[in-house]
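Thanks, everyone. Let me put the structure up, and then we'll walk through it.

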Amino acid sequence: MKIRTRLAIRFTIIVASLLMLFACSIYYFSSSYRKKEFYERLTEKANNYAQLLIKLDKSNPNLIKIIDRNTAYLPNENIIIYNAQNKLLFNTIENSNTIKPAFLNKIRTEKEIKYNDGVNESLALLYKNINEPLVVIVSAYDKDGLNKLQNLKIILILGLFFCILITT
């Protein structure tokens, strides 16, 4: 093999490796930012619901649902609120299973738990109120964020192959 060919192959491998590292880091940081931003939205949603429940009449959760229809909706959104005695105060899910008391106690201990329950990303937090602390569990599907991430992935892969083709 000629020296010229070996140098060209080495150059292509080095450029491809650098471009791949660059593309992977862009994807990683974009994914991390998407997740952080989505959990911030879930936190805001949880705090808003807890405040509404406290300020409005607790005996009429339908009023909160009416107010919520006029606010921004997240796909597949579910909100559950429990009081200090593990009594269900509010639930947007029809015919849902109740949360186990052990999990509610874990939320009270850790103050905030982020987890993924299949398709939805979920946030469980302890909302401190003057009268009693509330456990708020919010989950939703980040359709827009995940679609943007998928588009970024396609763009980065196509850009990587295009740049490698140019360097060869």
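Start at K111. This residue follows helix 3, and its phi is positive, near 75°. A word on terms: helices are DSSP runs of H or I with at least four residues, strands are E runs of at least two, and both are numbered from the N terminus.

Now the caveats. This is a predicted model, in which local features need pLDDT of at least 70 and side-chain atom pairs count only at pLDDT 80 or more, while totals for chains, interfaces and linings use all residues. Residues are numbered from 1 along each chain as its sequence is written, and side-chain values use heavy atoms, with hydrogens and water left out.

Back to helix 3, residues 101-110. Which of its residues are buried? They are L104, I107 and R108. Buried here means under 20% relative accessible area, exposed means over 50%, and partly exposed is in between, with a 1.4 Å probe and protein chains only. Seen down the axis of helix 3, the buried residues fall within an arc of 100°, so they line one face. That arc is taken from the directions from the helix axis to the C-beta atoms. An α-helix has 3.6 residues a turn, so residues three or four places apart point the same way. The face of helix 3 turned away from the buried side carries exposed A102 and T109.

What covers the buried residues of helix 3? The cover includes strand 1, strand 3 (112-117), strand 4 and strand 5.

Let's zoom out. The chain has four helices and five strands. Along the sequence, the pattern reads α-α-β-β-α-β-β-β-α. The chain has 168 residues, and 31% of them count as buried. Take contacts, meaning heavy atoms within 4.5 Å. Among those between residues at least 6 apart in sequence, 59% join residues at least 24 apart.

Next, strand 5. Seven of its seven residues are buried. Both faces are covered. One side has L134, V136, V138 and A140; the other has V135, I137 and S139. In a regular strand the side chains alternate between the two faces of the sheet.

What does strand 5 pair with? Two strands pair if DSSP finds at least two bridges between them. Strand 1, residues 78-82, pairs with strand 5 in the antiparallel sense over five bridges. I79 has V138 of strand 5 as its bridge partner. Strand 4 also runs antiparallel to strand 5, joined by seven bridges. There, Y127 stands opposite L134. A hairpin of six residues connects strand 4 to strand 5.

On to charges. Side chains of opposite charge can pair when their charged atoms come close. We call it a salt bridge when a side-chain nitrogen of Lys or Arg is within 4 Å of a carboxyl oxygen of Asp or Glu. How many salt bridges does the structure hold? Five.

Look at R34. R34 forms a salt bridge with E121, with the closest N and O atoms 2.9 Å apart. The pair links distant parts of the chain: R34 is in helix 1 (residues 3-55), E121 is in strand 4 (residues 120-127), and they are 87 residues apart. R34 also meets D142 in a salt bridge, at 2.8 Å from N to O. D142 lies in the loop between strand 5 (134-140) and helix 4 (143-167), so this pair ties R34 in helix 1 to a part 108 residues apart in sequence.

Buried or exposed? R34 is buried at 11% relative accessibility. E121 is buried at 4%. D142 is buried at 5%.

Compare K114 and E112. Their side chains meet in a salt bridge at 3.9 Å, N to O. K114 is partly exposed at 48%, and E112 is partly exposed at 37%. As for R34, E121 and D142, salt bridges that share partners join them into one network.

Last stop, helix 1 again. T12 is found there. T12 is buried, with a relative accessible area of 14%. Leaving aside residues up to four places away in sequence, T12 touches I164, T167 and T168. I9 is in helix 1 too, and counts as partly exposed at 40% relative accessibility.
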